[in-house]
Amino acid sequence: MAQTPKPDPDALAAARAQMRIDLAACHRLAAQFGMTDLIYTHISARVPGAKDQFLINPFGLLFDEVRADNLVTVGADGELLDDPTGLGINRAGFVIHSAVHQARPDAVCVMHTHTLAGVAVSALRDGLLPYTQHAARFQGRIGYHAYEGVAVDLDERARLVRNLGPHKALMLRNHGLLTCGATVGEAFELMYFLEFACRAQLQIQATGQAVAVPDRDAIQRAAQTFDRAAGRSSPRLWQALLRGLDRTDPTYRHLPPAR
C-alpha cells in the first residue's frame, strides 16, 4: 500500500507564512474599504498542513493593527495554540468560524462582517434582491441563517453549516454577512461584491421608485458567468490589492520569528 508522501518542510513553512500574510492583508483591506465594526468582527484562515487549526485575529486589535505575526492560532476545540498578543479571541468568532472550517474543507478562509448595509439587508424579509449585476452573482448562491442571539453557543454551529449549505455566502439575519473561499482572496472578493450589492439595493429602495428588475434568465446567465470567471479573476485581483497595500503600508507582512 502506497504511503502518503510527507510534505516538504520548506514548502509547508512558505505556505504557512503566505497564509499569514494574506490573512493580515485581508484585515487591512476590510479596514480600507469600511467593512469593520471596531474590534467585533473576524476573519480566519486554515493553517496549511495542520488538521483542524485556523488563524484568526486577536480580540482587541483594530483591523488596521493586524499583522502576520500577531494572528492567533486556534485548535478544533477552541484552545489557543499560539496567542502572541495575549488578547485571546472573540468566542463568537470561534463558534462561527470553526463551524464553517470543520464542515467545509473547501472553506480555507472565512470572512464575517457587521457593515451597515449588510446588517440592514439581512433584516429585510426578502433579503438580497436581484436588482444589480453585483447581486446577480449571489442569486441561488447564498444561504440565510435566522438570528439566535450572540453566537456563543456551540450547538448553533450545526445550524450555521446547514443554512450555508453548498454556498460560499451566508446572510446572518439581523446580524451581518459571511463569505468563504478556497483562498483568502476569493473570500474577500465575494465579501466586497456582496457588500456592494447590499449598498446598491438600499440606495435603490431609498428612492421609492419602481425598480427595473432584470429578467430572471439574464440574472441566471450573469451568475453562471461569474462562476466560470472566478478562478481566473480572483488571483489577479488579489495581487493587485496586495500591490496597493504595499504602496501605502506594508507592515501587515511582518512575520513571526522562524522557529
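1. Salt bridges in the whole structure. In this predicted model, a search of the whole structure finds 11 salt bridges.

2. Asp82 and Arg20. The side chains of Asp82 and Arg20 meet in a salt bridge, with an N to O distance of 3.9 Å. Asp82 belongs to strand E4 (residues 80-82) and Arg20 to helix H1 (residues 9-32), so the pair links distant parts of the chain, given that a strand and a helix are separate DSSP runs. The two residues are 62 residues apart. Are Asp82 and Arg20 buried or exposed? Both of them are buried.

3. Arg28 and Asp249. Helix H1 also holds Arg28, whose partner Asp249 is in the segment after helix H7 (216-248). The side chains of Arg28 and Asp249 form a salt bridge of 3.2 Å, N to O. The surroundings of the partners can be stated separately. Arg28 counts as buried because its relative accessibility is 8%, and the limit for buried is under 20%. Asp249 has a relative accessible area of 31% and is therefore partly exposed.

4. Glu148 forms a salt bridge with Arg159, and the closest N and O atoms are 2.8 Å apart. Glu148 counts as partly exposed because its relative accessibility is 37%. Arg159 is likewise partly exposed, with a relative accessible area of 26%. Salt bridges that share partners join Glu148, Asp155 and Arg159 into one network.

5. Which residues of H5 are buried? They are Glu156, Arg157, Leu160 and Leu164. Seen down the axis of H5, these buried residues fall within an arc of 100 degrees, so they line one face of the helix. After H5 comes Gly165, which has a positive phi, near 60 degrees.

6. His101 in helix H2. His101 lies in helix H2. With a relative accessible area of 4%, His101 is buried, because the limit for this class is under 20%. Which residues does His101 contact, leaving aside its neighbours within four places in sequence? They are Ser44, Ala45, Arg46, Phe54, Ala107, Val108, Cys109 and Val110. With Ser44 there is also a polar contact of 2.7 Å, which joins the side chain of His101 to that of Ser44. His101 and Val161 are 60 residues apart in sequence, and their C-alpha atoms are 9.6 Å apart in space.

7. Glu189 in helix H6. Glu189 lies in helix H6 (residues 184-206). The relative accessible area of Glu189 is 5%, so this residue is buried. The side chain of Glu189 makes a polar contact of 3.1 Å with the side chain of Arg137.

8. Leu38 and a nonpolar patch. Leu38, Tyr40 and Leu62 form a nonpolar patch on the surface, with about 300 Å² of accessible area together. Leu38 is found in the loop between H1 and strand E1 (42-46). Is Leu38 buried or exposed? Leu38 is exposed, because its relative accessible area is 59% and the limit for exposed is over 50%.

9. Positive phi outside glycine. Most residues other than glycine have a negative phi. Leu38, already mentioned as part of the surface patch, has a positive phi near 55 degrees and is a residue other than glycine. Asp52 is not a glycine either, yet it has a positive phi of about 60 degrees. Asp52 is placed in the loop between E1 and strand E2 (54-56). The relative accessible area of Asp52 is 31%, and Asp52 is therefore partly exposed.

Terms used:
Residues numbered from 1 in each chain as written. Predicted model: local features only at pLDDT ≥ 70, side-chain atom pairs only at ≥ 80, totals over all residues. Heavy atoms only, no water. Salt bridge = Lys/Arg side-chain N within 4 Å of Asp/Glu carboxyl O. Helix = DSSP H or I, 4+ residues; strand = E, 2+ residues; numbered from the N terminus. Buried < 20%, exposed > 50% of the residue type's maximum accessible area, 1.4 Å probe, protein only. Arc of directions from axis to C-beta. Patch = residues over 30% accessible without salt bridge, like charges linked within 9 Å, V, L, I, M, F, W, Y side chains within 5 Å. Areas by Shrake-Rupley, 256 points an atom, 1.4 Å probe, with all protein chains shown as cover. Contact = heavy atoms within 4.5 Å. Polar contact = N/O pair within 3.5 Å; in protein donor to acceptor, adjacent residues only side chain to side chain.
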